[in-house]
Amino acid sequence: MNGKNLFGIILLIILGIFIAFTSLKKHGKTEIEPDKLINKTIQKTRYVLPEEVAESIISEDPTLQLIDVRTHKFYSKFTLKGAINIPLSELFKEENLAYFDQDIYKTILFSNGTSDADVAWILATRLGYKNIYVMKGGLNQWVENILQPKENEVIWDRVDDQLYQYRKGASEYFGGKVVEPEEGVSAPKTKTPIVKKGKKQVSGGCG
Amino acid sequence: MAPIFEQTSEWNLIIALLIGIAFGWVLERAGFSTSRKLAGVFYGYDFVVIKVFFTAAITASLGLLFLNYFGVLDFSKVWMPTTFLWSTIVGGIIMGLGFILGGFCPGTSVCAVATGKIDALAFVVGITLGIFFYSFTYEYLWEDFREYGNIGNVKIGELIGVTEGVAVLIFILFGLFAFWLVDKIKKEYNIKDVEY
């Protein structure tokens, strides 16, 4: 047996022993356990409000990734600014899963209501993808809160008022209806700045 | 992440062509385009076939597991054919007989045709006729038999209850034993290497 053969034999045995102590790695996302999934599902923190989404869009948050899980038909009619369309039925396409398989973006799913986005959230979470949220109430809530905000009949406190003002501002930004105060409801009195009148200047006349 | 190209990719044929050229070239260089060298393993005067095929199998299995270990290859995406035990045994017997009689296996026969060997050409014509015969009589003769002994997508490791890595180690040791054995036979019977 010459040296070259011996080297080959030893190398093969070393490689073989090394690989014998390893186990196959699964590269695909491993599904999380059902009890853990339930724990995650009941967390309210997985929801974001339309106002928060609006704020992120307006401030051009670079970490925001909006995913519209409705059909292409609905998507082509109306969607949120910058949203990607991944219909629920196409969620598991490899090129679509790539949008979920990252940890840079805050992925927000939305549909018309909450349920389709919720289903997508559960499936994606079950596959082990992270940083995924659902827009609470979906586009219906978006229209109600952002595009056509109603003025509360009674504004209970400062926070409510701020929220309303915010919604009104967002509505203008997104081109929704600007709500004017309804008839009969007196508009809140706004202070008008008092401009002090200066001394009248003498102008001409018979002096 | 391997596979580098999706199965439906238009690159498939191009990649297949390049791999085919490389494979043919290696076969030819290893002397596998001559039926005397190939049939030699059955007559006991040339054992290169055993060495080459064991080396290829060991390299491939080690390569697959190491690529998986380093996260390059996703094992779940590696296609594995279903094992039909009985039809495979019968197919193996037919293949073995053909190998001894003709002196080629399908791949090496095509390689030998490329070098202009008449016997290889006859072999390829025979293969083609066999393929047509099988295809046209499949429904009447072979369909039921083909499914015989279906044991699913099993690996040797699973069958004997060890991990893939251990199965490969056993295979390496078995291969090394085979190398040693054929060398011993050659020495024992004073078989000289032949140039074809």
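Two residues are said to be in contact if their C-beta atoms, placed from the backbone, lie within 7 Å, and I begin with that definition since contacts come up several times in this talk. Residues are numbered from 1 along each chain as its sequence is written, while chains are lettered from A and ligands numbered from 1 in the order in which they are written. Please keep in mind that this is a predicted model, in which local features need pLDDT of at least 70 and side-chain atom pairs count only at pLDDT 80 or more, whereas totals for chains, interfaces and linings use all residues.

Let me start with confidence. The term pLDDT stands for the predictor's confidence in each residue, from 0 to 100, and for chain B its mean is 87, with 95% of the residues reaching 70 or more. Within chain B, confidence is lowest in helix α7, residues 156–160, at a mean of 86, and highest in helix α8, residues 164–188, at 92. The model as a whole scores ipTM 0.76 and pTM 0.55.

When I speak of helices (H or I, at least four residues) and strands (E, at least two), I mean DSSP runs, numbered from the N terminus. Chain A has eight helices and five strands, and along its sequence they follow the pattern α-α-β-α-β-α-β-α-β-α-β-α-α. If we take the contacts in chain A between residues at least 6 apart in sequence, 65% of them join residues at least 24 apart.

A residue counts as buried if 20 or more other C-beta atoms lie within 10 Å of its own, as exposed if 12 or fewer do, and as partly exposed in between, with C-beta atoms placed from the backbone. Of the 207 residues of chain A, 19% are buried by that rule.

How do the two chains meet? In the model, 19 residues of chain B are in contact with 16 residues of chain A. On the chain B side, the elements that give two or more residues are α3, residues 48–69, and α8, and the largest share, seven residues, comes from α8(B). The residues on this side divide into twelve nonpolar (Ala, Val, Leu, Ile, Met, Phe, Trp, Tyr, Cys and Pro), two charged (Asp, Glu, Lys and Arg) and five polar, a class that takes the others, Gly among them.

Now to α3(B) itself. This helix has 22 residues and reaches 31 Å from its first C-alpha to its last, close to the 32 Å expected at 1.5 Å a residue, where the expected span is 1.5 Å times one less than the number of residues. Its buried residues include Ser61(B), Leu62(B) and Leu65(B), and what covers the buried residues of α3(B) includes α1 (3–20) of chain A together with α2 (35–43) and α8 of chain B. Just after this helix, Gly71(B) takes a positive phi of about 80°.

Two asparagines also deserve a look. Asn131(A), in the loop between α6 (115–126) and β5 (132–135) of chain A, has a phi near 65°, a positive value in a residue other than glycine. Why is Asn131(A) classed as partly exposed? It is because 15 other C-beta atoms lie within 10 Å of Asn131(A). Asn190(B), in the segment after α8 of chain B, has a positive phi too, near 55°, and Asn190(B) counts as exposed because it has 6 other C-beta atoms within 10 Å.
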